Amino acid sequence: METEDSLRDQLRQLKESGAYYVQLRRSDQGLLSWRCLPCIETFTNVTDFEHHLNSDVHINLQNFACNTLLKANRWPFYDSLIFGLGISNDLEVKNVLCYGDMGDMKLDFIGNSLIFRKLSEDESGIHKMWAEWRDKSYPTMQDVPLHDLSLINFKCNLTLGMPASTFKELQQISLYDLYHRSCKLCDCPIPPGCDVSTILNNGSSMLSCSYHNTKGMYHLFHTSCLLNWMLMMEELSQGGPIIQQRRKQKISPKHLAKFQDYHFCPECCCTDDDENFVLWVFRLRDLIVEGRMKWRTCYEHLENSSIGLSFRSAGHQSHATAQGNGPVKLLRIYQGYA
């Protein structure tokens with residue numbers, strides 16, 4: 001069996017050869033494996049991994065990553081799932097859990113995500129939605145409506161949003177057990193140190209979770225998953241034509257209102273007593289997975305780094321820019337310190 005040092009030497013050699021998207025991951029059992037970020041694939045030995053790097057599947061998805069996620073103006077996140085690749089404290093969130101105790105959370109504005117929707121050629125429905133990253137060096141776009149919500153990004157220490165009793169208990173748990181924390185939007189693990197996000201209500205400067213939890217706790221998700229969820233929530237706010245088309249069933253006004261009541265936090269929504277409403281939350285999760293997979297083969301060629309959902313079949317890829325499809329919302333993103 002190869003030693004950890006030899007594996008890390010191989011990792012360094014792969015990165016030096018241009019495979020900067022390669023990672024070594026430690027499993028729940030403490031075993032190291034190879035991870036290809038563009039393909040979201042894991043391999044237990046370097047031989048299989050090197051064969052993968054030369055495969056047509058990898059080459060196609062590497063091309064996809066270069067045209068979406070790896071532009072010069074890259075997303076500044078690493079959430080272990082998709083993202084990997086002079087600031088002033090201008091906002092505070094009151095009465096939330098910080099290191100197990102109630103306190104005030106400092107936020108730094110780091111940039112905006114512009115939300116786009118692309119209609120079909122006959123304008124009968126939306127076929128794509130995506131978010132483009134613009135760091136704070138870009139001029140503010142006064143003509144684009146500001147989203148009612150923002151995202152707060154954190155470096156995950158696996159005790160975020162937890163009460164002091166749980167926080168102290170977790171300090172006694174092994175590192176491998178901590179990996180059991182997962183993102184409820186994709187059910188994949190949230191490793192320590194990766195980027196996670198929660199939702200902020202701009203009007204009240206309160207976390208979405210705080211409306212239904214007075215003890216300061218809040219839910220966390222992979223940053224890329226929550227961005228995709230926000231795209232789907234924007235689709236809901238526009239009447240949900242994609243959702244109705246794909247699911248052959250219309251969401252009732254009562255259920256639409258419930259998403260607003262929970263301030264669009266997906267995990268808070270799942271606490272509702274209405275089983276039909278909770279079922280819709282899971283349907284939307286499935287629709288996001290479907291749209292995310294199709295985006296890998298039917299993405300938009302854009303100037304900036306992007307993440308998106310596509311509801312076209314492969315082969316309908318557009319090489320045009322988003323001209324004529326201006327941004328519909330501007331979603332602010334903060335870095336949180338808790």
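Which residues is Tyr218 in contact with, leaving aside its neighbours within four places in sequence? I looked this up first, keeping in mind that this is a predicted model. I found Val96, Leu97, Met105, Phe154, Leu160, Gly161, Thr198, Leu207, Cys209 and Ala338 in contact with Tyr218.

Next I turned to the cores. Tyr218 sits in the largest nonpolar core, which has 67 residues. I noted Tyr218 among the residues with the most contacts inside this core, along with Trp75, Met105, Phe154, Trp229 and Phe259. Met105 and Phe154 are also in the contact list of Tyr218. Helix α6, residues 223-237, supplies the largest share of the core, 9 residues.

An unreviewed UniProt entry annotates residues 36-58 as "domain: C2H2-type". In the model, I find this span 48% helix and 17% strand. Its end C-alpha atoms lie 9 Å apart.

Last, I checked a helix pair. Helix α8 covers residues 253-261, and helix α10 covers residues 275-295. I read an angle of about 75° for their packing, with the axes 10 Å apart. Angles of 65 to 115 degrees count as roughly perpendicular, so α8 is roughly perpendicular to α10. From α8, I listed His255, Lys258 and Phe259 at the contact. They meet Asn276, Phe277, Trp280, Val281 and Leu284 of α10. By class, I noted 5 nonpolar, 2 polar and 1 charged residues in this contact. Phe259 of α8 is also one of the residues with the most contacts inside the largest core.

Note on methods:
Residues numbered from 1 in each chain as written. Predicted model: local features only at pLDDT ≥ 70, side-chain atom pairs only at ≥ 80, totals over all residues. Heavy atoms only, no water. Core = buried A, V, L, I, M, F, W, Y, C linked by side-chain atoms within 4.5 Å. Buried < 20%, exposed > 50% of the residue type's maximum accessible area, 1.4 Å probe, protein only. Helix = DSSP H or I, 4+ residues; strand = E, 2+ residues; numbered from the N terminus. Contact = heavy atoms within 4.5 Å. UniProt positions renumbered as here; feature names shortened; annotations may be inferred. Axes fitted to C-alpha atoms, helices over the stretch in contact; angles between N-to-C directions. Parallel < 35°, antiparallel > 145°, perpendicular 65-115°, else oblique. Nonpolar A, V, L, I, M, F, W, Y, C, P; charged D, E, K, R; others polar.
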